[in-house]
Amino acid sequence: MNTEPPPNEEAAAYPSPGPAEPEFGAPSAPRPPLPYRPDWVPVSGHQLSRTGVQFDAVRIAGLRAEEVADELADETDDAAGPIIREAVGSRWMYFLCPPGRATDYRWPPGIMRLSGTSTSVGYVGVPALQGDTWPLSWYSPPTEQAPFVDPALLYATLCRLVGWRPLTELA
């Protein structure tokens with residue numbers, strides 16, 4: 001003889017709701033922290049920023065730029081500081097240094113320094129941290145720990161990779 005109760009067809013037609021909604025005014029689940037965003041980084045899209053004001057930039061092209069960026073990432077445990085890449089043309093990468101610091105070094109031939117001096121002023125497209133920013137993107141975004149690329153480390157890495165020593169070091 002069957003001792004199980006008959007199935008409740010009405011209950012099967014209406015499955016139980018998921019977890020209860022939090023009561024109005026009850027604390028909600030914590031939100032993930034927003035990424036670090038300096039005031040010179042736009043909220044969406046991208047914008048042109050004049051060098052020498054918020055940052056200086058060292059511009060390197062193509063595969064050499066990728067090689068330098070990869071080395072910096074390895075040397076800093078992926079905390080290289082802000083590096084912007086372009087997806088079109090010469091595929092430039094811009095290594096953003098503290099303002100006034102790109103002029104501290106004599107960069108190898110083919111490397112462009114953009115700062116606030118009258119001979120090297122320029123503009124750099126700065127993408128937002130999220131969303132559609134094509135053709136610009138972050139190879140390495142700024143962080144609280146690395147708000148800029150260390151220009152001394154960038155210079156040493158670049159010189160080592162290209163085997164270049166400035167004339168002042170050859171004496």
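1. Start just past the end of helix α2. There, Asp77 takes a positive phi of about 55°. The model is predicted, and this value is computed from it.

2. Now the helix itself. α2 covers residues 62-75, 14 residues in total. At 1.5 Å a residue, α2 should span 20 Å. The C-alpha atoms at its ends are 20 Å apart, so expectation and model agree.

3. Which residues of α2 are buried? They are Ala65, Val68, Ala69, Leu72 and Ala73. Looking down the axis of α2, these buried residues fall within an arc of 135°, so they line one face of the helix.

4. Turn to the other side of α2. Leu63 and Asp74 are exposed there.

5. What covers the buried residues of α2? The cover includes four strands by name: β2 (56-60), β3 (83-86), β4 (93-97) and β7 (136-140). Helix α3 (151-162) is also included.

6. Step back to the whole protein. It has 4 helices and 7 strands. Along the sequence, they follow the pattern α-β-β-α-β-β-β-β-β-α-α.

7. Contacts come next. Take those in the protein with a separation of 6 or more: 79% of them are accounted for by residues 24 or more positions apart.

8. Last, burial and surface. The protein has 171 residues, and 33% of them count as buried. Its accessible surface comes to about 11200 Å². Carbon and sulfur atoms hold 54% of that surface.

Conventions
Residues are numbered from 1 along each chain as its sequence is written. This is a predicted model: local features need pLDDT of at least 70, side-chain atom pairs count only at pLDDT 80 or more; totals for chains, interfaces and linings use all residues. Side-chain values use heavy atoms; hydrogens and water are left out. Helices (H or I, at least four residues) and strands (E, at least two) are DSSP runs, numbered from the N terminus. The expected span of a helix is 1.5 Å times one less than its number of residues. Buried means under 20% relative accessible area, exposed over 50%, partly exposed in between (1.4 Å probe, protein chains only). The arc is that of the directions from the helix axis to the C-beta atoms. Contact means heavy atoms within 4.5 Å. Accessible areas come from the Shrake-Rupley method with a 1.4 Å probe; for residues, only the protein chains shown count as cover.
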